[in-house]
Amino acid sequence: MIHQLEKIARQPIPDHRTATGTLDYRREYNDKQIIFIDFDFDDTTATFTGITVTEFKPSNAELYLWQTYSANASPKFPTLQIFNKKAPKDLYDEATGAISLSTSKKAKKLLKCLKEFPKINAITEQIEQNQDIAQAVDAAIQNIDEFVLSLRINGEMVGESKHFAERKASMQGSDIKTEYFTDGGKSHLAQEKLCSITLEKTEVFGYASLYNFYAPKTYPSVVAGGFDSTQSWRNFPTSKNGILALEKAKALIEKELRFRFCGYDYFLLPTPVLNTPNAKFAKTLAKIQGFSLTDDAANTQRNLEDRLIFAFREEENILTLTLFFFEQNKAEFKILAVIEDVFPSYLRTIYDARENVEKLSIFHNLPGKDKTTYSERFDFGLVKHFFSDTQHFLGIVRSVFMQKRLDYSFLLQAIMRRVRSSFVNGERFDLDTLKGYMLLCFLAKLNLLQPFSLQTMNKEISVNAPIEAFFKEHEGFFDYGSPLKRAVFLEGVLAQKLLDVQYATRQSKPFIPELKGLQIDYDRFMGLLSKIRDKLTQYKAFYAHYELIAKAIERYTLHSTPDERKNLSLNECSFYFSLGMLASDMFYKQADEEADKQNIEAE
């Protein structure tokens, strides 16, 4: 990611950095208080004079010098936020539960900061050792849940005290953060070394951590620098110009290229194929900046991934796209997945596959609320419907964008796990089946199912026209491996017809137990047709068009081979059966029985 930031920085991009210096401090802290530990100090002797509790005023922010810092670091100035509500409280010792300005979590950070200012050691020692100060603080904060703690020396706040002026001035005038080249108050630099970003020989340093996944001070370099953190420049040598380029690119992606996708944060990083400035890059940024940060923004394509695919489907391959998924909090920046080198031309392929799948009639005129109808649309939320865990979900998304094939059996297993659960619990298993079929169709169109592939059946099998028309529309998906899949599908159609007849007749579906929770293997498939036929006959509902379906089942089964029957897995057989149940209404919903009778007689 670091080198992608560097490539972005070489392009004509806007500069979103907030300031040239690094003295940035927090200004807003609404309806909260700041507590000062007051001292008189004559450059030798420190005398504690009391505790002052007052309102936090944004107009005094430059005097407080309250800065944010990572969980593993300490503040640059002795002003820090304290939480005093839930145990363990920030200023109380975890073991004893007593107030402690020496052993509590935040006290350690405060003391570490103060020890970087040796001229005020007398104040540091007072805070660490004088129990009167601790007791005074304890009394002052009893009814305060959250506040900022700071010092005042001779009535002056941190930002106006001479004792902190040197650091304040150096940070205000520095183009780069001192933390990039200092550790424990000492600078660690190397001269005339090659910068890994700009490739120029100059002064370099090794603590340039823009994100917390690289923390050389906390986890010393172990490859090139041994276990000596002062040698971290050997692992990641960065010059002043290099870090400025990275900061410029970081500010851009944080402001303009950060989005959410199915509940995950990610950066969308356009990377030029050639590492030279390109005027078209600005147009690419403009397209990305037009995206909304929400998953359901109005007046746009359906969601963010749709807009991504739509916007770049006609783009030239002068750049590639990287989707960088992550989780971030104050203490950690965790990389979840990286999808690299996605060419815009492949987005056209994804777009076309999705459009072709959505045209199938099985995904239209679905029953919605209040007797309305709707159409199922493809998005990557379908993947999350079956794979809610981060690893599998992002792994499948990554495979789609990087054109890596996915195991067909693994996907079917997950789909049928969800379908069976819904079926057994009396929920809308048909919707799960529909979503599963759409997902598999999409992946099949992209040739990403292993070993599945779309094929045209090379056996001429005569069936009734409506049945043939359905399989013609879904050509390929039902033909992989064997015509037996068509037979299983049609038996699912007939099974649902029977269930509908039972419910209309007796308001129940007593045939449900025969489906064994949709655990349909080849043997169960073979035994169900006669049972379904007998039950329909018993209800005087084995209509002529149902006979056409039964004949088609027998013919497709007859044309299958022993090996094809053996290779039909439990999950695959169950899926095609449930898919048939889903599509039941597409067959002979308002049939002309006289015409059907003529068809049967003609056969």
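Me: How many helices and strands are there in the chain?

Reply: Helices (H or I, at least four residues) and strands (E, at least two) are DSSP runs, numbered from the N terminus. By that reading, the chain has 21 helices and 17 strands. This is a predicted model, in which local features need pLDDT of at least 70 and side-chain atom pairs count only at pLDDT 80 or more, while totals for chains, interfaces and linings use all residues. Residues are numbered from 1 along each chain as its sequence is written, and side-chain values use heavy atoms, with hydrogens and water left out.

Me: What percentage of the residues of the chain count as buried?

Reply: Buried means under 20% relative accessible area, exposed over 50%, and partly exposed in between (1.4 Å probe, protein chains only). Of the 603 residues, 49% count as buried. Between arginine 486 and isoleucine 553 the C-alpha to C-alpha separation is 7.4 Å, although 67 residues part them in sequence.

Me: Which order do the strands of the open sheet of four strands have?

Reply: Two strands pair if DSSP finds at least two bridges between them. Here the order is E10-E11-E12-E13, and the pairing is antiparallel. Strand E10 (258-261) and strand E13 (333-342) are the edges, each pairing on one side only. From one strand to the next, the twist averages 30°. E10 and strand E11 (residues 264-272) are joined by four bridges, and arginine 260 has aspartate 265 in E11 as its bridge partner.

Me: Which strands does helix H7 touch, and at what angle to E10?

Reply: Contact means heavy atoms within 4.5 Å. Axes are lines fitted to C-alpha atoms, for helices over the stretch in contact, and angles run from 0 to 180 degrees between N-to-C directions. Helix H7 (residues 240-256) packs on the sheet, touching E10 and E11, and its direction makes about 45° with that of E10. Helix H1 (residues 2-9) lies across E11, strand E12 (319-328) and E13, at about 55° to E11.

Me: Which residues lie nearest the centre of the second largest pocket?

Reply: On a 1 Å grid over the protein atoms alone, a pocket is an open set of points where a 1.4 Å probe fits, with protein on both sides within 12 Å along at least five of seven lines; lining residues have an atom within 4 Å of a point. Pro367, Asp430, Met581, Leu582 and Asp585 lie nearest the centre, among 27 lining residues. Helix H14 (429-445) is one of the elements that supply at least two lining residues, and H14 gives the most, with four.
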